[in-house]
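This report describes how the parts of one protein chain pack together, starting from a single residue and widening to the whole fold.

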Amino acid sequence: MNNGSILTLDKLSAGYGTGDVISEVSFSLRQDEILCIAGQSGCGKSTLLRAIMGVFDLPEITGGSITLNGTVLTELPKKQRRELSTRSMGLIFQNPGAAFNPIRSYEKQFREALSGCGKYDKSTFNAVVEEVFSRLGLGDAKRILRSCPYEMSGGMNQRIAIALTMLMGQRLLLADEPTSALDAGIRRQVADEIKLLRDENGVSVIAVTHDLALARYIADRVAIMLGGRIVELGSSEDVISAPAHPYTRALIGAAAQLGGSLPEFHGADFSLEGTLREVASGHFVLTEGSA
């Protein structure tokens with residue numbers, strides 16, 4: 001793994017006008033690395049991704065900085081930042097269909113997206129798409145390109161969104177609960193394709209999830225988020241096998257009581273929400289001082 005950093009957050013804070021949702025978040029993402037950010041619903045995971053992407057009207061960044069490949073994004077004019085972010089970052093959503101217009105063909109949307117980042121070549125378009133689809137196990141590229149997203153399953157839409165990231169040559173992928181809306185049978189396949197992006201395309205990935213088994217399966221490092229702050233960050237093995245923070249220990253401990261150990265990722269969903277019900281029942285009571 002290359003130890004050079006592609007993305008650095010320094011004390012980043014952001015919110016929606018009524019107070020910060022994320023507070024003083026700091027970390028660096030290395031090239032060719034998958035970082036999973038795990039935490040319960042409402043802890044600020046999705047807000048963090050939206051703040052990094054910077055193409056949405058909200059959240060508003062209230063403090064700190066984001067640096068991408070040496071460029072401080074938070075110092076750029078809004079239009080320039082959006083253009084750079086779109087060229088450099090891909091985003092896949094918890095709802096797989098959200099990445100596409102449901103009633104326009106993939107072909108039209110692919111051509112527009114590739115044209116927008118200067119990657120479209122009419123003479124090679126079909127061949128390049130077929131090659132990428134083949135690597136992801138997506139057969140019959142011509143049929144898929146003629147289809148519209150509403151005609152495809154959630155798993156297919158998620159995999160096609162990953163294919164578009166590969167075609168656009170984006171070096172950073174932000175994934176918001178990328179497997180939680182999928183059937184168990186397809187979760188493992190999508191997880192493997194995210195790892196393929198890192199291993200064969202050199203793409204760095206930030207994936208937010210509530211599924212600790214997924215985090216251990218795909219991540220080089222894991223961050224635990226609580227109340228808008230990162231309370232623990234380390235290698236996936238260290239964080240999950242030897243957690244240092246009491247909140248992380250409670251989550252892993254509850255998993256052990258429920259199933260003996262944290263399960264392997266086989267496509268089943270190991271939800272932090274279920275674990276937190278065990279935590280709330282008395283195994284660990286989260287107080288203001290615990291964070």
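Asn-201 lies in helix α7; helices (H or I, at least four residues) and strands (E, at least two) are DSSP runs, numbered from the N terminus. The model is predicted, so local features need pLDDT of at least 70 and side-chain atom pairs count only at pLDDT 80 or more, whereas totals for chains, interfaces and linings use all residues. Residues are numbered from 1 along each chain as its sequence is written, and side-chain values use heavy atoms, with hydrogens and water left out.

Beyond its neighbours within four places in sequence, Asn-201 is in contact with Arg-135, Met-166, Arg-171 and Leu-196, where contact means heavy atoms within 4.5 Å.

Two packed helices are described by the angle between their axes and the distance between the axes. Here axes are lines fitted to C-alpha atoms, for helices over the stretch in contact, and angles run from 0 to 180 degrees between N-to-C directions. Angles under 35 degrees count as roughly parallel, over 145 as roughly antiparallel, 65 to 115 as roughly perpendicular and the rest as oblique. Two helix pairs are set out below.

| Helix pair | Axes come within | Crossing angle |
|---|---|---|
| α6 (residues 154-168) and α7 (residues 184-201) | 10 Å | roughly 5° |
| α3 and α4 (residues 125-135) | 12 Å | roughly 105° |

Helices α6 and α7 are therefore roughly parallel to each other. On the α6 side the contact is made by Gly-155, Gln-158, Arg-159, Ile-162 and Met-166, and on the α7 side by Ile-186, Gln-189, Val-190, Glu-193, Ile-194, Leu-197 and Asn-201. By class, the residues of this contact of α6 with α7 divide into 6 nonpolar, 4 polar and 2 charged. In this division Ala, Val, Leu, Ile, Met, Phe, Trp, Tyr, Cys and Pro count as nonpolar, Asp, Glu, Lys and Arg as charged, and the others, Gly among them, as polar.

**The crossing of α3 with α4**

The axes of α3 and α4 cross at roughly 105°, which makes α3 roughly perpendicular to α4. Glu-107, Phe-110, Arg-111 and Leu-114 of α3 meet Phe-125, Asn-126, Val-129 and Phe-133 of α4 in this contact. The contact of α3 with α4 has 5 nonpolar, 1 polar and 2 charged residues.

**Aromatic pairs**

There are 5 aromatic pairs; rings of Phe, Tyr and Trp (its six-membered ring) pair if their centres lie within 6.5 Å, and planes under 30 degrees apart count as stacked, over 60 as edge-to-face and the rest as tilted. Phe-100 and Phe-110 have ring centres 6.4 Å apart and planes at 25°, so this pair is stacked. Because Phe-100 lies in the loop between β6 (89-92) and α3 (106-116) and Phe-110 in helix α3, the pair ties together parts that are 10 residues apart in sequence. Both Phe-100 and Phe-110 are buried. Ring pairs link Phe-100, Tyr-106, Phe-110 and Phe-133 into a cluster.

**Helix α1 and the chain overall**

In helix α1 (residues 45-53), 7 of the 9 residues are buried, including Leu-48, Leu-49 and Ile-52.

The chain has 11 helices and 10 strands, and buried residues make up 51% of its 291 residues.

Technical notes: Buried means under 20% relative accessible area, exposed over 50%, partly exposed in between (1.4 Å probe, protein chains only).
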